[in-house]
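Colleague: I would like to learn how to read a model of this kind. Could you take me through some features, with the general idea before the case?

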Amino acid sequence: MTVSSRRVVAGLIRFALVILAIVFASGYFLHKRVMPRHIMRIETEVPPPDVLSPGDLRIYNRDSTVDLILAGNNILAGLSPKTIAKVKNAVQTKTAGETTGFGGSIAQIVKTSVANAIGTHASFPVTDIRDIRYEDNTIQFEWKNGEKHELFSNTTVDKEKVSHTFRQEDAERFVAAVKDRMAHPVAPAPPPPAPPKPPE
């Protein structure tokens, strides 16, 4: 392996470690910070921006870096499609030069790890909410167990809480949609029909 190749591989390894650290930190953040652990789940399958059922709603913060989704009887919170695409593109650009050998293997690990984790959203059921309201420039949740929470309250960008970066009109539309879903939950989808029995 040439000196140049070793430098590329070393750079890829450093980049991989940074990305994996971000992924693990994001997972920790979602578990520990976004929602109380006992009601929060991790959701890797998120509806595309143009695919929502009647009554569902997706809103973005001012710079469209994060989103909130009412999908069925659950609320999802995470990075927006624009941010996900930006990160994936950065990973693709960084790893484009290495396609074979050890460097190529590291590049593939990085791309696979990011692809599998970057779109992860925190998910929690509407049925666990006692009240939701827009107050003090943020969406406030009160859970049935008595806890209160403010979405994205522990994340800041340019010294501003991400929880304060949703437009008031969007936040109020989201609150109204969630309250309507609390009063009129979506019926569970019927199970798929059983396959026909083979002829005897």
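This is a predicted model: local features need pLDDT of at least 70, side-chain atom pairs count only at pLDDT 80 or more; totals for chains, interfaces and linings use all residues.

Modeller: Residues are numbered from 1 along each chain as its sequence is written, and side-chain values use heavy atoms, with hydrogens and water left out.

Colleague: How many helices and strands are there in the protein chain?

Modeller: Helices (H or I, at least four residues) and strands (E, at least two) are DSSP runs, numbered from the N terminus. The protein chain has 4 helices and 10 strands. Their order from the N terminus is α-β-β-β-β-α-α-β-β-β-β-β-β-α.

Colleague: What percentage of the residues count as buried?

Modeller: Buried means under 20% relative accessible area, exposed over 50%, and partly exposed in between (1.4 Å probe, protein chains only). Here 36% of the 200 residues of the protein chain are buried.

Colleague: Which strands form an open sheet, and in what order?

Modeller: Two strands pair if DSSP finds at least two bridges between them. In this case 3 strands form an open sheet in the order E6-E7-E8, with antiparallel pairing. Strand E6 (129-135) and strand E8 (148-150) are the edges, each pairing on one side only. Strand E7 (residues 138-143) is joined to E8 by 3 bridges; in E8, Lys148 is the bridge partner of Glu142.

Colleague: Which helix packs on the sheet?

Modeller: Contact means heavy atoms within 4.5 Å. For directions, axes are lines fitted to C-alpha atoms, for helices over the stretch in contact, and angles run from 0 to 180 degrees between N-to-C directions. Helix H4 (residues 168-183) packs on the sheet and touches E6 and E7; its direction makes about 165° with that of E6.

Colleague: Now a single residue. Is Arg41 buried or partly exposed?

Modeller: Arg41 lies in strand E1 (residues 41-43). Arg41 counts as partly exposed because its relative accessible area is 40%.

Colleague: Which residues is Arg41 in contact with, leaving aside its neighbours within four places in sequence?

Modeller: They are Asn74, His121, Ala122, Ser123 and Pro125. Ser123 is 82 residues from Arg41 in sequence, yet their C-alpha atoms are 5.0 Å apart. With Asn74, the side chain of Arg41 makes a polar contact of 3.1 Å. A polar contact is a pair of N or O atoms within 3.5 Å; within protein, one must be able to donate a hydrogen and the other to accept it, and residues adjacent in sequence count only if both atoms are side-chain atoms.
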